[in-house]
Each structure stands twice: as structure tokens, then as C-alpha cells.
Amino acid sequence: MPTAFRVAMALCISTLFAGLGANAQSLPKEAAVRTEIFPIPSLTLSDQQFLSGDAAAGKPVTVAGEFRVAQGNGKLPVVVLMHGSSGVGATTEAWVHEFNAMGISTFVIDGFTGRGLTVVGPNQALLGRLNLIVDIYRSLDILAKHPRVDPDRIVLMGFSRGGQAALYASLDRFNKLWNKSGVQFAAYIPFYPDCSTTYQTDTEIAARPIRIFHGTPDDYNPVKSCKAFVERLKEAKRDVVLTEYPDSAHGFDSGLLGVNTVTVSTGAQTARNCHIKEGDGGVLMNADTQAPFTYKDVCIELDPHVGGNPTTAAESRKAVVDFLQALFKLG
């Protein structure tokens, strides 16, 4: 190869890589430098099977997770995000961009598609109330081994049904039964979870902070049941804080996308007037009827409201950002 040609090629290659470096440096701060899609081996279980630790009875299933590596070097903190009854939606993307801009990687779990589901709001019986916790722990196992993840700085955040999963994933008993990762989440951030179920030993939780965000008029998952649970946790000297926003319906953080209207979620089931407790053998009982709970119980109602509030969405975003900056010791 002629010397002049080799020199020209070397110049072209060096220019190309210089251009790539410039582009990398000019990436918007919320842009991830890499996206990885992970299959997550999990199980589909009834609530009784989950509560009794009966893994052998579960149906093997593969769900998925999207891991976005934030800009930065070395092992980075991560927020795991668990969706609600409508699956992964646009509001999740708003949170992902916020965290990636902070230098925090994100792992978004899709617990529905691999199970052949899209939504469960109109028929919550399609999936046991506790299945998403198994998906969460299996995701933690993947992340704990990833070379770009700091296993001591992984936080769990969830919304509605996923908020319920994020809240109860903190239980010591559930961690012992199902979390085989060898690590624990650094904190739990449930948004508008359903707290209507009382589980055995449910005040024995991981020694990690829990920060719950809820709306006062929420008629999908009313805040009153969460207040009662939080009081029990505080009596047990747990690190838990409930932040309550007025004029904020279920899904108020869709205000991050500019949504400022509240509508009826037609046909959606809500357990807002149910009192559920764990009975013997891991059976969930209707505390009012003393019969096993089902979504055909008279306490199940329809047509709750959902909608965004840009003001309180911004307030909750700031609260979460401030909390994570302190927890992760970000500059």
C-alpha cells in the first residue's frame, strides 16, 4: 500500500473518531450512552403460591427489562421502574429522562408482554397481586452482577400496581422467600400504591428508606389505607415518609407530560373499599366477609378517576430528585 494512501487513511480514521468523540461530548444530558434489553426468567404465580413460597408450582415465564446506561464512568447508581396496570407508558419515559440526566442509569421492567398481557385494569384477576415482586427481585439479580452497576446504589420505584409491588418488595419475609440476588434495594419509592392488604409480619421490612407519594382525592387506590400502614410502620420505628398532594388524582405524575385533566378509567376495577388480609396458608381473605378474597367480591368497584397535575408532578419530581441526590451522594 503506498505511503501516501496509508497516511490519508490514517487521517480519515482519526478524523472519524474525533468526530465521534465530539458527538459523544455533545449528547443531551438525558441521553443514555447505551441501551440493553434483558430477558428476565421469572414465574407466574397465584398470590397463595407467592405467600407460601411455592416456587415449584409457578409457571416459568420470561419477561423483559430495558437497561439504559447513563453518561458517566465506572459503576453507576440505578433506578428500577415497575409499571402499573396499563403496562409501561409515556410517564415512565419522563422519569427515565430525569434520572439519566442526573447520571443515574434506569432499568424499566415490562412484566406484561411476556405473559401475553397488555392491561389488567378491567380484570385485575388476570395476574396475581404479587407477581411483579418476583420480576423485581429477578431484575435485581441481573443488575447486581452487571459491570456498570453499583449494587449498593439500586433503588426501586413503582407506580400504582407497580407502586404496590415496590412497597411490599421491602418486606423481610418476601426478600427471604424470593430475593436470591444477595443484595437489597437502597430505597423504595412507591407512587400511589394500593395499601389495602395487610400481610403477616408486614412491619418487618428492610432497613432502607421508603418514600411514598400519593394524591388526596385518589379514588383508585385511596391514600387512607396507606396512611394506616405508614402509621404502623412508624410505630415499628421504620424509615418511612408519605407525601400527600391535594388536587392530585391517581397518576398525577402524568403532569410531567403536561397532562392536566382528570378522566374516568372506564371499567377499571378498584379495591378502594376492600379490606384484605393474609390468612392461614397464604390465602388472601376479605376481612369483612371472612371469605377468600376475589375480584368478584362486592367491595370491588369500577370507574375510578385518573389524571395529571403538572404542579404536583413537578413537586414530586423535585422531591424524588433531592432524595436520590442525597442517597446516592451525587455532586
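I take buried to mean under 20% relative accessible area, exposed over 50%, and partly exposed in between, with a 1.4 Å probe and protein chains only. Strands are DSSP runs of E, at least two residues, and helices are runs of H or I, at least four, numbered from the N terminus.

The model is predicted: local features need pLDDT of at least 70, side-chain atom pairs count only at pLDDT 80 or more, and totals for chains, interfaces and linings use all residues. Residues are numbered from 1 along each chain as its sequence is written, and side-chain values use heavy atoms, with hydrogens and water left out.

**Entry 1: strand β4**

I looked up β4 (residues 105-110) and found six of its six residues buried. Ser 105, Phe 107 and Ile 109 point one way. Thr 106, Val 108 and Asp 110 point the other way.

**Entry 2: partners of β4**

I count two strands as paired if DSSP finds at least two bridges between them. β2 (residues 59-69) runs antiparallel to β4, joined by five bridges. Here Phe 67 stands opposite Phe 107. β3 (residues 76-82) pairs with β4 in the parallel sense, also over five bridges. There I found Val 79 opposite Thr 106.

**Entry 3: a mixed sheet**

Next I traced an open sheet of four strands, ordered β7-β12-β13-β14, with mixed pairing. β7 (197-198) and β14 (291-292) are the edges; each has a single partner strand, so one side of each lacks a neighbour in the sheet. Two bridges join β7 to β12 (residues 276-278), and the two run parallel. I noted Ile 276 in β12 as the bridge partner of Thr 197.
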